[in-house]
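Colleague: I am new to this model and would like to go through it slowly, asking at each step what a term rests on. Could you take me through it?

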Amino acid sequence: MEILLATAVGMLTAAGVYLILRRRTFPVIVGISLLSYAVNVFLFATGRLALNAPPVLNKYADVPYSDPLPQALVLTAIVISFGMTAVVVMIALSAYLSSQDDRIDMSENTGDDV
Amino acid sequence: MSLFLIAALPFLGAVFPALLIRAGRNASSASAGATTFLALLGLLVNAPAVFRGEVVTARFDWLPGLGLNANFYLDGLGFLFAGLILGIGLLIILYARFYLSREDPMGQFYTYLLLFQGAMVGIVLSDNILLLLIFWELTSLSSFLLIGYWKHLPAGRQGARMALAVTGSGGLAMIAGMLILGNVVSSYDLTVILQNKELIQASPYYMPALILILLGAFTKSAQFPFHFWLPHAMAAPTPVSAYLHSATMVKAGLFLMARMWPVLAGTDAWFYIVATTGLITMVLGAVIALFKDDLKALLAFSTVSHLGLITMLLGFGTKIAAVVAVFHIINHATFKAALFMSAGIIDHETHTRDIKRLGGLRHLMPVTFVIATVAALSMAGIPPLNGFLSKEMMLEEAVHTTWLNSPYLVPGVVLIAALFSATYSFRFIAHVFLGPKRDDYPAKPHDPGVGMWLAPAILVTLVILIGLFSKAIVGPLVAVASGAVIGGGELPYYSLKIWHGFTPALYMSIVATVGAIVLLSVHGRFEQIWNAIPRPEAKVIFDAIIGGMTALSRKITEGLHNRSMARYSAIFVVFVVSLAGYAYYTGTDSVPTRIGIEPGIMPIIGWICLMGATICLVVFHHNRFVSLVLVGVVGLIISIGFNYLSAPDLALTQISVEVVTIILLLLALNFMPKETPWETTNERRFRDVIIAGISGLGVGGLIYALMMRDFAFPSISEFHLANSYKGGGGTNVVNVILVDFRGFDTFGEIIVLGIAALVIYALTEAVLGTRVRAHLLNRKPDMPQSGDAHPLMMVVVTRVMMPIALMVAAYIFFRGHNLPGGGFIAGLIAAIAFIMQYMASGFSWAAERQKVFYHGIIGSGVLIAAITGMGAWLNGKPFLTSAFGYIHWPPLEEFEWATAMGFDLGVFLAVVGAVMLALESLSRFAWQPGIASEHAMDINPARDDDEIDEKKEV
């Protein structure tokens, strides 16, 4: 199980990094999303894996629980990464609509405010 | 009054002038004056203690770990300076009220002035050198604002920049020097440092610390070769010049030298650096001042000269010289501030400061004539005025000083300086006020109202009184202040009086005065020669240095930045990977301690899907729709994975965020190209694949290694599991962590989320305010449109779904504390329920029925969370401490209430508001006139683009 998760995280990271090295806004945004997945799963996995042990207390039996702390952190991280993605998308879209160009490189002759 | 309050008052009061300017200029200036007066009063309350020789302190540990404490102390020296700052500040505020014209933003002026005043008071009262440095930098910044107050004048802006560059860089050097000093003594408290003279002077770091600290002091006090900024700062309004450049800011450097005198002075290095610099500055400033035609420039160079004089006295390193320095600080502040104000009056009434265009003003402006003449005579050192007293004492000290075995050098140079000093003082009187009345003044001069001449008149009165009754008026003050400078011990014998008998100093004074009259009579000829000699212009040199540095930094920046974002990202990734690689190859590795879980068949299938989707995503990313679909697939598998790996809360969150994110990206893609063009070369792609592959390998390897080992340190999760029910009243530990244990984090998160949504809203507003709007309004769809924008089935289904979805959201919300769910997830589900309406029935239809602003929903969410948190205060508990209990209403089941529920409600609302505001903003881009329909289910039979076009043309 661990090896599956590790390879998946590695794959997501690699794909994310490859896409953020592209030259247009859209693939970069998709790359950032993939990287967020990778980071979230990574953080989650730092609590170590467990099957059938949700961190919901059982009043009647003494059962094992998975680590709740990374889960709480990742939960907010997921929501925040949505906020971040939305802002980045908005900036990209505004830039594209303003200049009719979705390249992320600044060209030589245009200033920052164009 | 507590020292904290004295230092804080100007800062607190700085708000009022800016606000009260709406109530008129009098209200604004009165508030500034009242603040200063209050602070001055607070200072005077402490006077008896100070004159008894006590040291008033106020201590507060701010960041004790860094040695940064908000410690203040008030001794004689601090009292003298604070008194000067506040007392002259009060006069300046009065003067400026009448000096500034109606066009000048007076509220701003007083706010800046009070900020500056607060920073100055902070410097002189600080007992902690780190705190002192903070105030020191604050004076540089606030003086920048004051010098550049007339923003429309290029000279003002340039002068402000120059002053900031010179004093600011000196301040940086001083920070380094102070840190060294603090390290040597291992305390940043001045009182401790001042008791460690032997330790500091024996330290090998004495020289570097001395030079760095002196750099700070010399730049601030305009000592050669940093003197050039002061004349350029004269572009400031005259009240600023009178305040900053005569009495306060330029004296900060002197204050520092005086403050540090007990530990730094007394060595050869101190004598040769400080005394020589002071000597050069003194004579140079005096000579240049004589040839300046601008009244304020003359005064500026004369200030440079007098600052040099005081520096030199401090540099002598003898106790008696230090006493004289303190006495001259008082005298200089009184006559020079009065002179600046007189120059301001002349400028104000005649509309010129050019000496060549003035003359004969004594008949037209008698009051100003008297004030300026008394002050100028004091500056020249004519008895019985106060300038004479301190000058005599200075000359006496100079006579006894040997420089490199030469007993004549110092007295000789000082005599020249005194001669020129007297000459320019006489010139100020003679060429401005004496002589025949002219008829070509730019304006018709007359004396100003009492408001303007009152302040200089008070100062001039002091000039005379201190001259006549020095011992009675300033004797005790000089004694306590000098006592603080020399750092304890007996004060040397000195006598503040006019007549000391026939001493060498008296002869020198007579020579200087007589010589000055002779020199002034040949001033015209002398000036021709002076103007014929080529001289280095400081501003040109300064501009060249700054220009060179700008060019250099631009070169470095442009060498590193080629405006390619992809390149920066690549550099960043490679750097991080190299760091990780370095850590891996130099660190130690432990053996795995855990046994992995055997994967079943389902996880393997999921893994294959995930890997496949990711690879396809990279390969087919040029088709943006396909990549979006694949992102959805990845997100879905990850949420299933979370569920499988015992994280039901994460699974729920991930899947609902996924829905929202994909809708968001789809909406954005609507306006963007649907294809990413092939642009990069094969080599470039190969390079990127290598970078990506290595980073993927690294991250995958790291998490694998992590998962196969146990925790290096005991985890705090055990605490959360054990206390979740007992302390937080909930069995869903993840939710309890979010709303209780780490509630403050969550509170921050929802605020961030709300800010993100507001940013999106603001961006939309900004973009739609430009020509983009016209472009969007005329946009033609670049893809075939669906004939039926709002299909009947979908509209009906979503409307039926709406209450059900909201009910699910409510259910998820309420069970959240004990079972997977909670505010975040419920908020996302509710948002999706609303978005469905937008999608199915159209933006206009849904927006019309949307009665509450999303901004308000975000705000109320944050407020509810905050109020719930503050509720704990009522119980005397810290912010966000939760309470809970159980209620049993037969025949219902026993149920639980928890304040955490209120907090979670805030989270819920903030999430709903933020998500909806973001998506709504984005969909506003799509709005075009004519697309709004009264009927949600409007069927458009025109399936063909050509027909749409035809229809529009008709």
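**Reading the terms**

Modeller: Let me begin with one pair of helices, helix 13 of chain B and helix 17 of chain B, whose crossing is right-handed. Please keep in mind throughout that this is a predicted model.

Colleague: What makes helix 13 of chain B and helix 17 of chain B parallel or antiparallel to each other?

Modeller: The axes of helix 13 (residues 238-247) and helix 17 of chain B come within 9 Å and cross at roughly 160°. Angles over 145 degrees count as roughly antiparallel, and therefore helix 13 of chain B and helix 17 of chain B are described as roughly antiparallel to each other.

Colleague: Which residues make the contact between helix 13 and helix 17 of chain B?

Modeller: On the side of helix 13 of chain B they are B:Thr238, B:Pro239, B:Ser241, B:Ala242, B:Ser246 and B:Ala247, while helix 17 of chain B contributes B:Ala333, B:Lys336, B:Ala337, B:Phe340, B:Met341, B:Ala343, B:Gly344 and B:Asp347. By class, the residues of this contact between helix 13 and helix 17 of chain B divide into 8 nonpolar, 4 polar and 2 charged.

Colleague: Staying with helix 17 of chain B, is B:Ile320 buried, exposed or partly exposed, and how do you know?

Modeller: B:Ile320 lies in helix 17 (residues 319-350) of chain B, and there are 19 other C-beta atoms within 10 Å of B:Ile320. A residue counts as buried at 20 or more and as exposed at 12 or fewer, so the value for B:Ile320 falls in between and the residue is called partly exposed. Leaving aside its neighbours within four places in sequence, B:Ile320 is in contact with B:Glu397, B:Pro492 and B:Tyr494. B:Ile320 and B:Leu74 are 246 residues apart in sequence, and their C-alpha atoms are 22 Å apart in space.

Colleague: How do helix 5 and helix 22 of chain B lie to each other, parallel or antiparallel, and why?

Modeller: The axes of helix 5 (residues 76-99) and helix 22 (residues 450-468) of chain B come within 7 Å and cross at roughly 155°. With the cut-off at over 145 degrees, helix 5 of chain B is therefore roughly antiparallel to helix 22 of chain B. Helix 5 of chain B passes helix 22 of chain B in a left-handed crossing. In this contact B:Leu91, B:Leu94, B:Tyr95, B:Arg97, B:Phe98 and B:Tyr99 of helix 5 meet B:Gly451, B:Met452, B:Leu454, B:Ala455, B:Ile458 and B:Leu459 of helix 22. Sorted by class, the contact of helix 5 with helix 22 of chain B has 10 nonpolar, 1 polar and 1 charged residues.

Colleague: Turning to whole chains, is chain B a compact globule or more spread out, and how do you know?

Modeller: Chain B holds 42 helices and 4 strands. Its radius of gyration is 38 Å, well over the 30 Å that the globule rule gives for 954 residues, so chain B is more spread out than a compact globule. Along its principal axes, the C-alpha trace of chain B spans about 110 × 75 × 70 Å, and buried residues make up 48% of the chain.

Colleague: Why is chain A described as compact or as spread out?

Modeller: From the N terminus on, the elements of chain A run α-α-α. The radius of gyration of chain A is 19 Å, against the 13 Å that the globule rule gives for 114 residues, and so chain A is more spread out than a compact globule. Its C-alpha atoms fill a box of roughly 70 × 25 × 15 Å along the principal axes, and 61% of the residues of chain A count as buried.

Colleague: How many residues of each chain are in contact with the other?

Modeller: 92 residues of chain B are in contact with 75 residues of chain A. Helix 32 (residues 682-707) of chain B gives the most to the side of chain B that touches chain A, with 14 residues. The residues of that side of chain B divide into 59 nonpolar, 26 polar and 7 charged.

Technical notes. Residues are numbered from 1 along each chain as its sequence is written. Chains are lettered from A and ligands numbered from 1 in the order in which they are written. This is a predicted model: local features need pLDDT of at least 70, side-chain atom pairs count only at pLDDT 80 or more; totals for chains, interfaces and linings use all residues. Two residues are in contact if their C-beta atoms, placed from the backbone, lie within 7 Å. Helices (H or I, at least four residues) and strands (E, at least two) are DSSP runs, numbered from the N terminus. Ala, Val, Leu, Ile, Met, Phe, Trp, Tyr, Cys and Pro count as nonpolar, Asp, Glu, Lys and Arg as charged, and the others, Gly among them, as polar. The radius of gyration is taken over C-alpha atoms; the globule rule is 2.2 Å times the number of residues to the power 0.38. Axes are lines fitted to C-alpha atoms, for helices over the stretch in contact, and angles run from 0 to 180 degrees between N-to-C directions. Angles under 35 degrees count as roughly parallel, over 145 as roughly antiparallel, 65 to 115 as roughly perpendicular and the rest as oblique. A crossing is left-handed if the near helix is turned anticlockwise from the far one by less than a right angle, and right-handed if clockwise.
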